[in-house]
Amino acid sequence: MRVLVTGVNGQLGHDVMLSLQAHGHEAIGSGSTPLCRCTDLVAHMPYVQMDITSVDDTRAKLEEIRPEAVIHCSAWTAVDAAEDSENREKVFALNAQGPANLAAVCEHIGSKLMMISTDYVFDGTGDAPWKPEDRCFAPLNVYGLSKLQGEQAVLDACTRSFVVRTAWVFGSNGHNFVRTMLRVGRSHDTVRVVNDQFGTPTYTKDLAELLTEMIESEKYGVYHATNEGGYLSWYDFTREIYAQAGLRTAVVPVTTAEYGLNKAERPFNSRLDKSKLSEAGFTPLPDWRDALRRYLKETGEI
């Protein structure tokens, strides 16, 4: 299958490309800037520069490539910066108009479209895991609202579409919470981490394998996907990171209010119900502790 992947300079897009190639698909990367050929594995990948905020450029590139499927991984993900008024037009252009343009063109050429989304489309309250069919009423911040509009555009315009919501993503090709906490833990004796926000970590390499399995199918719809292993707080996650990395850094639990450093509101409840994956016959992701262990080994952190 010929698959175009957006956002291959990022964590997930990078690993999706590698997964598709490993499974024998013709994977073509894309992004708004020249490719960051940062690893040997992607140094020679097919790549096209494409501005998804322009419907004309999107149409021209997709009609030339004629992919059978598009996996849309690119997005504005700087949650706090999205709150700044000078950035909002760019945020909605990338996270809402971009998916709308992809959906319209994919429908026109008969291509499947998979959009990667986020738990931030929900309001982040309560303690029950969010189900794919739960209605999204009031995202907490600009980022969440922009992603919700992108989801709606994809589902409305493209009949052969998937929306896959995930959370707490970490991967080898970019910045993430694990890498940040390791850096801080090696330079400080004590770190403060919030213990009232709950979710489940997601390793991009594991998620990429699932997305490859899903795009090979025709089981369209909205899904939730994180690693297995239950729900935990950022505090719990940090303690496990340090335990596996052999760091003795003290971790002090604090509330979100006590931490108080974020411009954008963060969800207290990022729990995602993933049961629909198994019901549809897809393979659940491995336990997050095992995923963390593999990530640390593969990145040379342990």
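Author: Start with Y203, which counts as buried because its relative accessibility is 1%; buried means under 20% relative accessible area, exposed means over 50%, and partly exposed lies in between, with a 1.4 Å probe and protein chains only. The model is predicted, so local features need pLDDT of at least 70 and side-chain atom pairs count only at pLDDT 80 or more, while totals for chains, interfaces and linings use all residues. Residues are numbered from 1 along each chain as its sequence is written, and side-chain values use heavy atoms, with hydrogens and water left out.

Y203 and Y295 form an edge-to-face aromatic pair, 5.8 Å centre to centre with 85° between the planes. Here, rings of Phe, Tyr and Trp (its six-membered ring) pair if their centres lie within 6.5 Å; planes under 30 degrees apart count as stacked, over 60 as edge-to-face and the rest as tilted. Y203 lies in strand β10 and Y295 in helix α10, so this pair ties together parts that are 92 residues apart in sequence. Helices (H or I, at least four residues) and strands (E, at least two) are DSSP runs, numbered from the N terminus. Y295 is buried, as is Y203.

A search of the whole structure finds 13 aromatic pairs. One of them joins F170 and Y203, and it is stacked: the centres are 5.3 Å apart and the planes 5° apart. F170 is in strand β7 (residues 169-170) and Y203 in strand β10 (residues 202-203), so the two lie 33 residues apart in distant parts of the chain. F170 also counts as buried, at 1% relative accessibility. Ring pairs link Y203, F170 and Y295 into a cluster with W168, F177, W234, F237 and W288.

E298 forms a salt bridge with K205, and the closest N and O atoms are 3.2 Å apart; a salt bridge is a side-chain nitrogen of Lys or Arg within 4 Å of a carboxyl oxygen of Asp or Glu. This pair links distant parts of the chain, with E298 in helix α10 and K205 in helix α6 (residues 204-215), 93 residues apart. E298 is partly exposed, with a relative accessible area of 44%, and K205 is partly exposed at 37%. D206, D290 and R294 are linked in a network of salt bridges. The whole structure has 12 salt bridges.
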